[in-house]
Amino acid sequence: MPKDRAISLFWELHSGLPRQGPGSAASTRRALGLVPDVGPGTRVLDIGCGPGAQTLALAESSLSRIVAVDNHGPFIDALNRKAQELGIADRLKARVADMRRLDFADGSFDLIWCEGAIYIMGVEAGLRGWRRLLRPNGHVALTEVCWQKPDPPAPCAAFWNREYPAIRDTSALGEAIEACGYETVGHFPLPASAWWDDYYRPLQDNVTAFRQRHHDEPDALELADQCQEEIDIWHSYSEFYGYEFFVLRAG
């Protein structure tokens, strides 16, 4: 499939979703509650913000000053419009940026937030690469997919080993975090509702409509099949894996 068509089909399939991955406002607020002394002077960087559901939850739950970045321009434009509509554009700014090449000055932020996106760089690369952006004893909040039970069935293991070979269990992730120079303040798994209600159910609706629009286009149907497989794997084997929300303090 030509690259331009692949990108176009991908964004068509994923358009209009409240999130681009599992998460919920309740989980965002719970994680924020683990960060001490968040207030009007707190500077937050939301990396890989996507449509900004968690960004808005952060803004609604605190008076912090937030910069949100993503490499997809339409997400940034929509988030800035939403901030204007809500009257919070003075403390929520979104901009297009590549998480691998962030040009903020050292020590610019008290808190880095990254829900469902650090896998793009890899946890270790992200934590080490973003460390310079934090003030001393600053915090990081992130979600990362982990094995929650040992010995996943073969179809589940094969899916994740193909799609994200870096997946590991929660304990191993905690050890990797410590090796990067961070202390874990707390962590918890996202509930099943954060996968279904906030992500897979609206995505399933998109997949169904996408198939109808592209019923005679094999390349589009292949993309729909891949997305459907991800949803089906979760329905069948979600007890074996999930997103873990970690809140960290830089050492």
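His-139 is found in strand S5, residues 134–147. Helices and strands are DSSP runs numbered from the N terminus, with at least four residues of type H or I for a helix and at least two of type E for a strand. The model is predicted, so local features are taken at pLDDT of at least 70 and side-chain atom pairs at pLDDT 80 or more, while totals for chains, interfaces and linings use all residues. Residues are numbered from 1 along each chain as its sequence is written, and side-chain values use heavy atoms, leaving out hydrogens and water.

His-139 is buried, with a relative accessible area of 4%. Buried means under 20% relative accessible area, exposed means over 50%, and partly exposed lies in between (1.4 Å probe, protein chains only). Neighbours within four places in sequence are left aside for its contacts. His-139 then touches Val-35, Pro-36, Asp-110, Leu-111, Ile-112, Leu-134, Val-185, Leu-248 and Arg-249. Contact means heavy atoms within 4.5 Å.

Beyond residues up to four places away in sequence, His-214 touches Leu-9, Glu-12, Ala-220 and Leu-221. His-214 and Arg-132 are 82 residues apart in sequence. Their C-alpha atoms are 46 Å apart in space.

Arg-213 belongs to helix H8. Arg-213 counts as partly exposed, at 45% relative accessibility. Arg-213 and Glu-229 are 16 residues apart in sequence and 19 Å apart in space, C-alpha to C-alpha.

Two packed helices are described by the angle between their axes and the distance between the axes. Axes are lines fitted to C-alpha atoms, for helices over the stretch in contact, and angles run from 0 to 180 degrees between N-to-C directions. The axes of H8 and H9 come within 10 Å and cross at roughly 155 degrees. That angle makes H8 roughly antiparallel to H9. Angles under 35 degrees count as roughly parallel, over 145 as roughly antiparallel, 65 to 115 as roughly perpendicular, and the rest as oblique. The crossing of H8 and H9 is left-handed. A crossing is left-handed if the near helix is turned anticlockwise from the far one by less than a right angle, and right-handed if clockwise. The contact involves residues of H8 including Trp-195, Trp-196, Tyr-199 and Tyr-200. On H9, the residues in this contact include Leu-221, Ala-224, Ile-231 and Trp-234.

Helix H2 (residues 25–32) and helix H3 (53–61) form another pair. Their axes come within 9 Å and cross at roughly 55 degrees. H2 and H3 are therefore oblique to each other. H2 passes H3 in a right-handed crossing. Ala-25, Thr-28, Arg-29 and Leu-32 of H2 meet Gln-54, Ala-57, Leu-58 and Ser-61 of H3.

The buried residues of H3 are given next. Gln-54, Thr-55, Leu-56, Ala-57, Leu-58 and Ala-59 are buried in H3. The buried residues of H3 pack against H2, strand S1 (43–47), S2, H4, S3 and strand S4 (109–114).

Helix H4 has 14 residues, 73–86. At 1.5 Å a residue, H4 should span 20 Å, and its end C-alpha atoms are 20 Å apart, which agrees. The expected span is 1.5 Å times one less than the number of residues in the helix. Phe-75, Ile-76, Leu-79 and Ala-83 are the buried residues of H4. They cover an arc of only 95 degrees around the axis, which puts them on the same side of H4. The arc is that of the directions from the helix axis to the C-beta atoms. An α-helix has 3.6 residues a turn, so residues three or four places apart point the same way. The face of H4 turned away from its buried side carries the exposed residues Arg-81, Gln-84 and Glu-85. The cover over the buried residues of H4 includes helix H1 (3–13), H3, strand S2 (65–70) and strand S3 (92–96). Just after H4, Gly-87 takes a positive phi of about 75 degrees.

Most residues other than glycine have a negative phi. Asp-37 has a positive phi near 60 degrees and is not a glycine. Asp-37 sits in the loop between H2 and S1, and is exposed at 75% relative accessible area. Asp-151 has a positive phi of about 55 degrees, although it is not a glycine. Asp-151 sits in the loop between S5 and helix H6 (154–163). Asp-151 is exposed, with a relative accessible area of 68%.
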